[in-house]
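Dear colleague,

Please find below the structure that I am handing over to you.

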Amino acid sequence: MRALWLAAALLAPSAFAWDSVCTKYPNKSLEPKELERQTGTPCSPSAGPRTARERWVGTLDEHRRLWEMTREKAGLPEQVSATRTLTVFTGSSVVDIEAQPVPTLVPVPFAEAARVAYRSYSVGEFTHLPDFSWALWDWASGHEICPLEGATSLADCHDFAAHMGPVNSNHFVPQSREYYTHYHQLALERAAECRALGLKLTTAAGRFDEFHRECELEALTLEAVGQHYLQDAWSMGHMWERWGSSSLMDFPGATVEEKRDRAVLTALVSGFFHGARGVLQALPSWTSFDVNDAMCAPWEGVRFKATDGTINNGVGDDYLGVFQADAPYQAQSSLFFQCSVSGLLEVYSAAGEAHGTALPEGGFVSIDPTSERCFGQRATNQAIALGGAINLKIAGLQSSIPIDARFVSLMLPKVARASGKVAVAPKMRNEFRFQLQRAVTVARLRAKDDPDGTSLASGEWGTFMGAQPNGQYKGIARYIDAPWPWDEANDRTQYVRRTFHRAHATEWCASTSMADLQLLKTRAEDPSLQVEDRVAACTACTELTVRHLRIGTGPGAYDDTKAPLCDYLTPSPARVYHQVTGITDPLGTATRYCCP
Amino acid sequence: MPLMRLVSLAAAVWLLGCPTEPSPYVEPPDSPLDLTLFPVVTGGSRLFADVAGARLEFDPTVKDAIVALGQCVDATSYCYAPGTSKSVSWCLQNTRTCATEAPWNEKPCCPQACKDAFETAVDGGVAPADAVEQVFFVDKACFPGLREALEVP
């Protein structure tokens, strides 16, 4: 058994959360159930622009599966989970992915459209977003804009281990509550606008129901992003106040580099207590092992205290099957689903249930998903002490390597630089060793004194590398989607509005002028454009114009049975009058109007 | 029969080996970690984990106050068994007392100054587990070389 211990040369680690996956499939537009039956290839690189272009469906896509279970329990129609393909108008520039030029996904003003990008996704996949993207605006802009200082590339900027992981304290309680609440509120605000949009379309005889559904899906997408944090809060490895902030600048240090070093080392240590299966199991020399590392792995003694005072068994990342099906974890899953279903139903109801009436499971009782009931659970002291070890089974035999004060005292931490991994300064090295010794010793003693207490998980474990328990850091990071209402002049707002332009039809109807429509037409008719540019211009012109088009010749002479979308959504929209002999449908007419 | 007894005793010693004295001190348990199985990397340390943003190596040769501290507190924390005679105080007081100002050169031990500081804290009303934290990880003064190790540039 001892001979099987090898150095752990880790691959790019999975996120410390329920598992998130990115998979490249030959046909990206398929339904999730069809993709599940296929064999795709893991996204490469596993961070950055590549992940914005592929599907987040695959083996162990635990976040998405939790969402689907939530949807089923909430009784939302299956259509809510269908693949959507967004038509996005972009420029002609390219972005570098592994030295290959790839078309940009950054959406541009419609009149500047030079390419058309088709982006397929399903709402549930966006529960993975916080592990791949900084925000929805970031995904909308193809992961091609970095909101951080110090990243060396777009892939580096979005790399979990290098940048996202060091500031993922917001995936742990209590910060996760703040982030879920933020996105849940965003979702509710959008949902209210979607309901208003739907009401305006009541007299349209169903002709534009698609726009209401699109809007509702965007609201649910925001809820899905938020539910990542709610889901994480119910993963055993996340039920403690991890040290650190979701903003790098909150870490101590005279330079950004020092701040990042401290953040990286804090994340590394947090991962050990969380459970290191996600980073160790995939190692080539470890695949025959069962890395059942606490706290996420099922272990007798790894438990949490719920807000009702009950002590319950808990599991987490990589153990969704156990969470879902095993009797000892029924309380954990039951408590979680009551929160997640409540949140989903709130948003769906607020949006107007455009996809059909929700029929939640019998006996379901709704609660406030942002309440302490949903975020007050904490790992017991005993659970945290059990997390202070590397556990694995080799040929069925359980082995545990305690992370004790002696083990820690020999550690030599190194951090990444352009030249490679370098040792931290002796002062920081000794600080790391000493403070980790403190943490593991305090954990061991507290676990013996008060095994069912939750002081360690509740912010009473002291600091680490100068980082406070995350509950001490308030506020939302600046890279996150802004609170509602979004500033129209902000680029990030435009990235989302242009990507989800049908969902934001109300805004586009109100803001698009005759001059804008004329500009679209002029560009679409420009004979000097290259073919691809022309196709994009025609498509953009058609897409926008049809919403303003009255088939006819003027205000008193048009087909009022086919009034355009914007007539319903805004009091005085820009209007185009046009008719083509032999063509009676608005889309055909708009196409001929833009590109005769 | 004394000769026969002597022969029997000699035979027993030969068969069973010389009996060893149990350690009178509280000591940390043997570590299950076999460092020799981890590959050596540049500088003589051993590689444990390499993640994109960080890397953890071991330096099994390091000998300093932090290593010695680890031996001392592990001896105490492993020993402690609530509800038995092995209280935190008993465990700490029954560790080997360091004989020098360089405990990293000795067998696992705890400095007398730390033992005394611990008892003072407990007598002052601090809970024993909290007193361990206070003495060793907050005050730090009782452990030779510790403050110097933490203040190294």
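This is a predicted model: local features need pLDDT of at least 70, side-chain atom pairs count only at pLDDT 80 or more; totals for chains, interfaces and linings use all residues.

Residues are numbered from 1 along each chain as its sequence is written, and chains are lettered from A and ligands numbered from 1 in the order in which they are written.

Contact of chains A and B

Chain A contributes 48 residues to the contact and chain B contributes 42, two residues being in contact if their C-beta atoms, placed from the backbone, lie within 7 Å. On the side of chain B, the elements that give two or more residues are β1 (46-51), β2 (54-58), α2 (65-79), α5 (128-139) and α6 (146-151). Helices (H or I, at least four residues) and strands (E, at least two) are DSSP runs, numbered from the N terminus. Helix α2(B) provides the largest share of that side, eight residues. By type, the side of chain B that touches chain A consists of 29 nonpolar, six polar and seven charged residues. Here Ala, Val, Leu, Ile, Met, Phe, Trp, Tyr, Cys and Pro count as nonpolar, Asp, Glu, Lys and Arg as charged, and the others, Gly among them, as polar.

Strand pairing also links the chains: β12 (residues 411-417) of chain A runs antiparallel to β2(B), and five bridges join them. Two strands pair if DSSP finds at least two bridges between them. In this pairing Val415(A) stands opposite Ala54(B).

Helix pair in chain A

Helices α8 (residues 175-200) and α13 (residues 330-351) of chain A pack at an angle of about 25°, and their axes are 7 Å apart. Axes are lines fitted to C-alpha atoms, for helices over the stretch in contact, and angles run from 0 to 180 degrees between N-to-C directions. The two helices are therefore roughly parallel (angles under 35 degrees count as roughly parallel, over 145 as roughly antiparallel, 65 to 115 as roughly perpendicular and the rest as oblique). The residues of this contact divide into eight nonpolar, two polar and two charged. Among them are His184(A), Leu188(A) and Arg195(A) from α8(A), and Gly343(A), Glu346(A) and Val347(A) from α13(A).

Sheet in chain A

An open sheet of three strands in chain A has the order β15-β14-β16, with mixed pairing. Strands β15 (557-558) and β16 (576-578) of chain A are at the edges with a single partner strand each, so one side of each has no neighbour in the sheet. Strand β14 (residues 549-554) of chain A pairs with β15(A) in the antiparallel sense over two bridges, and Gly554(A) stands opposite Ala557(A).

Backbone features

Two cis peptide bonds may be noted in chain A. One joins Ser44(A) and Pro45(A), with omega about -5°, and Pro45(A) lies in the loop between β2 (41-42) and α2 (49-52) of chain A. Another joins Ala294(A) and Met295(A), with omega about 15°.

Met465(A), which is not a glycine, has a positive phi of about 55°. Met465(A) counts as buried because it has 22 C-beta neighbours inside 10 Å. A residue is buried if 20 or more other C-beta atoms lie within 10 Å of its own, exposed if 12 or fewer, and partly exposed in between, with C-beta atoms placed from the backbone. Lys140(B) also has a positive phi, near 65°, and lies in the loop between α5 and α6 of chain B.

With kind regards
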